[in-house]
Amino acid sequence: METGKVVVERVGGKSTATRCYSKYPLKFIIPNKVGRSQTDTVWIYTITFGGGIVSGDSIKCDISVGDGCTTVLTTQASTKVYKSVESKFSEQVLEARIGSDALLAVIPDPVTCFSTAKYSQTQVFKVFPSSSLLIVDWITSGRYGRGEKWDFELYKSTNNIFLEADEPLFLDTILLEQGRYSSIAERMQDYQVIAMVILLGPKLKFIQDQIQENVKNLMSRQFRIPSGSSGRYGDINDNPFLTRPSFLASCSVFGQKVDFFHMGVSFLAMVRSFYSQYSLGSVPRKFYFSACLIPLTNLQGFISTIAVRVFY
């Protein structure tokens, strides 16, 4: 059964929330004015009672963005997942439909899982060839300021995008689970955040090539070996000129290149803990989007298709 539902349609030539329903533990806030007065965008803030997701919570919401509408789905703070009680899981499920010439931007603050937490989230998006979609999906290492570093039991995040007739366009799952022989912290080493960003559709087209080029230039600088240093060391770990980068990134295309409406780019990055002073996982959204090289100052200006995965 749905925990929440929002329908956005064009009324009087403007994007308007025509239906909004939610029940415990979920609540929606839809302010009348966000940004400049001429911006035609419905902003939806999701809130959970108690300030986070409690062990055993199951939240399911449905978002429908009508033809020609623009909608932003976001949060007021990081999504805190409290510790698991009696090995119970917490879960969130989002199903969204984006109409023709419509744009949905899902740009929440990061998920922060407390020690022993077990959390799963699934997001399913159904789009038309002319739909545009921006997804930000990211998780911090936990309450870093309290010494909790990748100390949760399980985190699973699934993002699936389907075209008409349920044709799969993008299928992705991230699974972090404490292992029998190695912990998540051991595998993640000094990196403190995992994130993915997907940009899909004609309204996001113009930054696709820009991001690919920026990532290429960024990583070429990160992995450049000083002249005269190669060939003198038998093991890469013995080379003093090579250190683990504070930020890793990769970018790749998904979908059909012959049709930019169906094409995307995947970007992966990892950043070390030099921003660890932001305790409790509250990494500033401004820093994150800057790291991803995605200017989010004007949603109306997006015209591209891209997916981004980030680790830092």
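Predicted model: local features only at pLDDT ≥ 70, side-chain atom pairs only at ≥ 80, totals over all residues.
Of the 312 residues of the chain, 49% count as buried. Among contacts between residues at least 6 apart in sequence, 75% join residues at least 24 apart.

## The seven-stranded sheet

Seven of the strands form an open sheet, and reading across it gives the order β2-β1-β5-β8-β11-β13-β14, with mixed pairing. At the edges stand β2, which covers residues 14–22, and β14, which covers residues 168–177; each has a single partner strand, so one side of each is left without a neighbour in the sheet. From one strand to the next the twist averages 10 degrees.

One point at which the pairing can be followed is V6, which stands opposite I63 in β5. Further along the order, β8 and β11 run parallel and are joined by nine bridges, with L94 standing opposite Q123 in β11. On to the next strand, β11 pairs in the parallel sense with strand β13, residues 154–162, over nine bridges, and there the bridge partner of V124 is N160 in β13.

How enclosed is β11 by the rest of the structure? Seven of its 10 residues are buried, so β11 is largely enclosed by the rest of the structure.

## Strand β6 and its partners

A further set of pairings involves β6, which spans residues 70–75. This strand is mostly covered, since six of its six residues are buried. T70, V72 and T74 point one way from β6, whereas T71, L73 and T75 point the other way, and all of them are buried. β6 pairs in the parallel sense with β4 over five bridges, and the bridge partner of V42 in β6 is T71. With strand β9, residues 103–106, β6 also pairs in the parallel sense, here over four bridges, and V72 stands opposite A105 in β9.

| Strand pair | Sense | Bridges | A residue pair across the strands |
|---|---|---|---|
| β8 and β11 | parallel | nine bridges | L94 and Q123 |
| β11 and β13 | parallel | nine bridges | V124 and N160 |
| β4 and β6 | parallel | five bridges | V42 and T71 |
| β6 and β9 | parallel | four bridges | V72 and A105 |

## The largest pocket

The largest pocket has a volume of about 530 Å³. It is lined by 30 residues, and those that lie nearest its centre are T46, T75, T79, Q92 and P108. By class, the lining has 14 nonpolar, 13 polar and three charged residues.

Which strands each supply at least two residues of the lining? They are β4 (42–48), β6 (70–75), β7 (79–81), β8 (90–98), β11 (118–127) and β12 (132–140). The largest share of the lining, four residues, comes from β11, the strand that also pairs with β8 and with β13.

## Two loop residues

S55 lies in the loop between β4 and β5, and at 13% relative accessibility, under the 20% cut-off, S55 counts as buried. Leaving aside residues up to four places away in sequence, S55 touches K83, S84, V85, K88, F89 and S90. The C-alpha atoms of S55 and K88 are separated by 5.8 Å, although the two residues are 33 residues apart along the chain.

I30 has its place in the loop between β3, residues 26–29, and β4. Is I30 buried or partly exposed? At 26% relative accessibility, I30 counts as partly exposed. Apart from its neighbours within four places in sequence, I30 is in contact with V6, A17, C20, V42, W43 and I44. Between the C-alpha atoms of I30 and Y45, which are 15 residues apart along the chain, the separation is 6.4 Å.

Key
Residues numbered from 1 in each chain as written. Heavy atoms only, no water. Pairing = 2+ DSSP bridges. Axes fitted to C-alpha atoms, helices over the stretch in contact; angles between N-to-C directions. 1 Å grid on protein atoms, 1.4 Å probe; cavity = no way out; pocket = protein on both sides within 12 Å on 5 of 7 lines; lining within 4 Å. Points joined across faces, edges and corners; volume = space filled by probe spheres on them. Nonpolar A, V, L, I, M, F, W, Y, C, P; charged D, E, K, R; others polar. Buried < 20%, exposed > 50% of the residue type's maximum accessible area, 1.4 Å probe, protein only. Contact = heavy atoms within 4.5 Å.
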